[in-house]
Amino acid sequence: MEEEDRMGLTYSAEKLRFSWDGKRDIFRDVSFSLTTGEIFCIIGPNGTGKSTLMKCMIDILEYQEGIARLDGTDIRTIDRKTLAKRIAYVPQGYQVAFPYTVLEYVIMGRAPYISPFSSPEEKDLEIAVRAIQEAGIMHLIDKSINEISGGEHQMALIARALAQQPELLLLDEPTSHLDFGNQMQVLSLIERLKDRGITIVMTSHFPDHAFMVSDVVGIMKDGSFTTIGPAEKVITNDSLKETYHVDIRVEYVEIAGRKVCIPIKNQPGCYCPVKG
Amino acid sequence: MDSVEHAPVKNNPVSSIESIRIPEIAYDLNVIKQKIHIARNVRILLFILPFAVMFWSLFIGRYEVEPVTVVKILLSQIFPMERTWTNADETILFQVRFPRIIAAVIVGAALSMAGAAYQGLFKNPLVSPDILGVSSGAGFGAAVAILYSTAAWMIQLSAFAGGILAVMGSYFLSKLYKSGQILILVLSGVIISAFFGALLSITKYVADPYEKLPTIVFWLMGSLSSVRYSDIYAILPAILIGGSILLLIRWRINLLALSPDEAKTLGIDLKQITRVIIVCATLLTAASVCISGIIGWVGLVVPHLGRMITGPDYKKLLPLTIVMGSSYLLVMDDLSRTLIATEIPLGILTALLGAPFFAYLLWRRKTGWA
């Protein structure tokens with residue numbers, strides 16, 4: 001694969017600010033940096049601008065202030081095709097107007113490598129098939145994209161992103177709407193991609209997932225990161241309470257071999273101080 | 001901790017995820033390649049269809065020419081033969097039937113390609129080539145020309161110009177709204193169509209009801225009955241340019257089925273491909289309409305037929321719409337000149353047979369989207 005020749009990547013964001021109308025900021029003062037093979041997990045409540053930030057990271061939306069750099073170059077100055085070869089984006093929702101087969105859908109990920117006047121060649125087919133296999137959906141290769149389940153579609157989307165042979169993969173809520181089995185499949189795929197040296201940024205509603213796969217966690221609240229660091233340090237009783245406004249206990253569970261987050265149901269919306 | 005009692009007992013969180021690694025499914029890339037290869041060969045074979053229909057069409061018509069004579073006349077073009085037929089026979093074959101067959105093939109293919117491309121651009125299988133007002137613009141252009149002149153080339157030129165003008169109107173109107181949404185473009189098309197429709201009504205209203213009005217009405221019904229070689233030569237450049245560009249970019253049209261955000265992150269310049277598709281589809285439609293009049297339903301039905309056969313991938317679909325569209329319109333035109341004693345306008349027939357046919361396709365629910 002071509003990726004093996006690549007040198008690795010750095011991505012940095014400095015003081016990004018985005019606003020739809022120029023009055024109310026969706027996020028501001030957002031800074032972070034990523035290096036090769038790192039998994040950066042962004043958690044935080046609904047509507048804090050996680051998805052918007054992700055769209056700004058790949059130049060779908062234009063931020064108003066700050067600068068995002070890929071290997072030191074302002075991403076806004078990189079043309080779309082070059083960017084598409086290095087960064088792939090898996091959106092939260094999907095829309096397909098016609099019932100393509102999974103193979104036809106995944107091969108669309110080859111677009112940045114195919115000139116406007118030509119079609120996928122055998123090499124592109126091979127890469128797409130390998131991406132489908134990597135995502136574990138070989139059995140769906142001939143199925144219509146409209147006939148597969150939400151979890152399977154998520155895998156097809158990831159396969160399409162892999163067909164782009166990216167160095168950086170942006171996953172917007174890759175585990176939302178998925179059942180436990182599919183959630184674990186996605187997370188295990190993310191682990192395998194990290195092992196292959198792909199840098200991953202993912203947003204999630206589940207702090208648990210950050211314990212499972214992340215290297216770095218950023219908690220986003222009211223449009224900026226409150227803390228960034230390793231999951232062990234960042235995800236605590238206090239930080240979760242501050243973020244979600246409910247009591248959440250972070251406990252080590254021996255049988256799982258890791259910390260898990262348990263929302264305490266009895267007093268939803270409780271602002272009482274957390275003990276211990 | 002009852003809820004986690006089924007979790008695997010592992011101390012390392014990473015390995016607990018690793019443990020549900022998906023089983024590798026054996027696959028053979030060569031099998032996939034072979035399947036694709038066979039499907040492609042079948043599609044190439046389908047290209048025989050329009051030629052077969054063209055050949056068959058030479059034999060039918062109101063003026064009786066013996067099938068043997070037709071074959072003889074055809075062979076005489078290649079081999080020197082004794083002349084056993086009249087001049088009228090040869091004229092019917094080469095000056096009447098042949099140009100008409102060629103025109104039907106070209107118009108059918110062009111309208112179908114334009115329809116397929118627009119259905120991709122607008123992400124909607126119910127779109128037809130006149131969505132941006134090309135038909136009403138061309139109708140108005142033709143009507144005005146008929147009002148002032150009867151020269152066939154004037155009517156064609158005016159229809160062509162009217163069609164282009166209407167689409168430009170829709171495109172630039174949509175630009176005024178600065179939204180960039182494809183829906184705005186559709187609505188602009190609706191507005192412009194209504195506007196040119198009204199202009200056409202005015203033209204009909206003021207036209208001389210004994211001479212000009214029937215001509216206008218008949219033109220609007222669509223027909224290939226008076227097509228000559230010169231008409232075909234006149235529209236050929238526009239058809240070739242529009243058609244070949246669409247064929248070249250056909251795989252890219254697939255990417256328009258995704259959300260605009262996804263298409264952008266795959267490196268697509270959406271504005272550019274939108275403009276290219278509109279220009280090409282407009283060239284194809286305006287050029288067709290100016291020699292045939294308004295012929296509906298072909299650009300809507302044929303892409304569906306194609307999707308039923310090969311699926312929505314434009315790499316396969318667009319060449320197939322050429323095959324299906326040319327054959328379909330040619331069969332329709334054959335029917336229009338032979339079904340009853342007088343000619344049935346082609347536009348009437350495509351709708352009369354196209355509508356029930358489309359209803360049947362929907363009923364089958366194999367339309368490739370339902």
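Chain A comes in two parts: domain 1 covers residues 2–235, and domain 2 covers 236–276. Keep in mind that you're looking at a predicted model. Where they meet, 11 residues of domain 1 are in contact with 10 residues of domain 2. On the domain 1 side, the elements giving two or more residues are helix H7 (207–213) and strand E9 (216–221) of chain A. H7(A) supplies the largest share of that side, 4 residues. By type, the residues on this side divide into 7 nonpolar, 2 polar and 2 charged.

E9 turns up again in a sheet of chain A. Here 6 strands line up in the order E6-E7-E8-E3-E9-E10, forming an open sheet with mixed pairing. Which strands stand at the edges? They are E6 (87–90) and E10 (224–229) of chain A, and each has a single partner strand, so one side of each is left without a neighbour in the sheet. Going from one strand to the next, the twist averages 15 degrees.

Now look inside the sheet. E7 (168–171) and E8 (199–204) of chain A run parallel and are joined by 4 bridges. In one of these strands, E8(A), you'll find A:Val201, the bridge partner of A:Leu170. Helix H5 (150–163) of chain A lies across E6 and E7, running at about 170 degrees to E6(A).

Residues 101–118 of chain B are 100% helix, with end C-alpha atoms 26 Å apart. Residues 276–302 of chain B are 81% helix and 0% strand, and their end C-alpha atoms are 22 Å apart.

Methods:
Residues are numbered from 1 along each chain as its sequence is written. Chains are lettered from A and ligands numbered from 1 in the order in which they are written. This is a predicted model: local features need pLDDT of at least 70, side-chain atom pairs count only at pLDDT 80 or more; totals for chains, interfaces and linings use all residues. Domain bounds come from an automatic or database domain assignment. Two residues are in contact if their C-beta atoms, placed from the backbone, lie within 7 Å. Ala, Val, Leu, Ile, Met, Phe, Trp, Tyr, Cys and Pro count as nonpolar, Asp, Glu, Lys and Arg as charged, and the others, Gly among them, as polar. Two strands pair if DSSP finds at least two bridges between them. Axes are lines fitted to C-alpha atoms, for helices over the stretch in contact, and angles run from 0 to 180 degrees between N-to-C directions.
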